[in-house]
Amino acid sequence: MHNNKFRGGWLISVLLLSLGLIGCPKQSPQPMSYGSTPSTSSGGSEMDESAVGEDERIQERVQQEGEGGPLQDVFFSYDSFELSEEARQTLQANADWLQNNAEVKVEVEGHCDDRGTAEYNLALGAKRARAAQDYLITLGVPAERLSVISYGEELPQCTDSNESCWQRNRRGHFSVLR
């Protein structure tokens, strides 16, 4: 008799625990940020007028360059963070623009297609962003002007399940910060 009560209580505990685990929503991984982050103005929450004017000039230049901005994305092979010759040429053009616009800071974003686990893709995205950042530094762009972040598979450009789409998502993207 004592065994039946114990078994029943154990069974109820296991069922409640199972229901609790099933009911927990899956949390999306947060992007991983590396390197220096852009600082805010030293005067607290207000920016001085010269910084505002400089920001407006930069934004005008970015808009004049077209929808994608002045800096072009670089693309990677499946499961790789090695820079192709085409990616190196694109990074050279990006470095030239950055050297002509010395006041600009850039965030290098690492992106992946949706194959693989979220954790793996965050790590691979970070490696892709760092590869692009490191190459820009070898081309003379100061490291303090570059920061990196990985979005893994979280911000796809395309959501179809085919190679053409996956290729567009395996990229290093450059966001002008200031």
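**Ground rules.** I'm working with a predicted model, where local features need pLDDT of at least 70, side-chain atom pairs count only at pLDDT 80 or more, and totals for chains, interfaces and linings use all residues. Residues are numbered from 1 along each chain as its sequence is written, and side-chain values use heavy atoms, with hydrogens and water left out.

**Entry: the count.** I looked up the salt bridges (a side-chain nitrogen of Lys or Arg within 4 Å of a carboxyl oxygen of Asp or Glu). The structure has five.

**Entry: Asp113 and Arg115.** I found these two side chains joined in a salt bridge, 2.9 Å from N to O. Next I checked burial (buried is under 20% relative accessible area, exposed over 50%, partly exposed in between, with a 1.4 Å probe and protein chains only). Asp113 is buried at 3%, while Arg115 is partly exposed at 25%.

**Entry: Arg115 and Glu163.** Arg115 also forms a salt bridge with Glu163, at 3.8 Å from N to O. This pair ties together distant parts of the chain, 48 residues apart: Arg115 sits in the loop between strand 3 (106-111) and helix 4 (118-138), and Glu163 in helix 5 (residues 163-169). I noted that helices (H or I, at least four residues) and strands (E, at least two) are DSSP runs, numbered from the N terminus.

**Entry: Glu163 and Arg170.** Which residue forms a salt bridge with Glu163, its closest N and O atoms 2.7 Å apart? I got Arg170. Glu163 is partly exposed at 40%, but Arg170 is buried at 2%.

**Entry: the picture.** I see Asp113, Arg115, Glu163 and Arg170 linked in a salt-bridge network.
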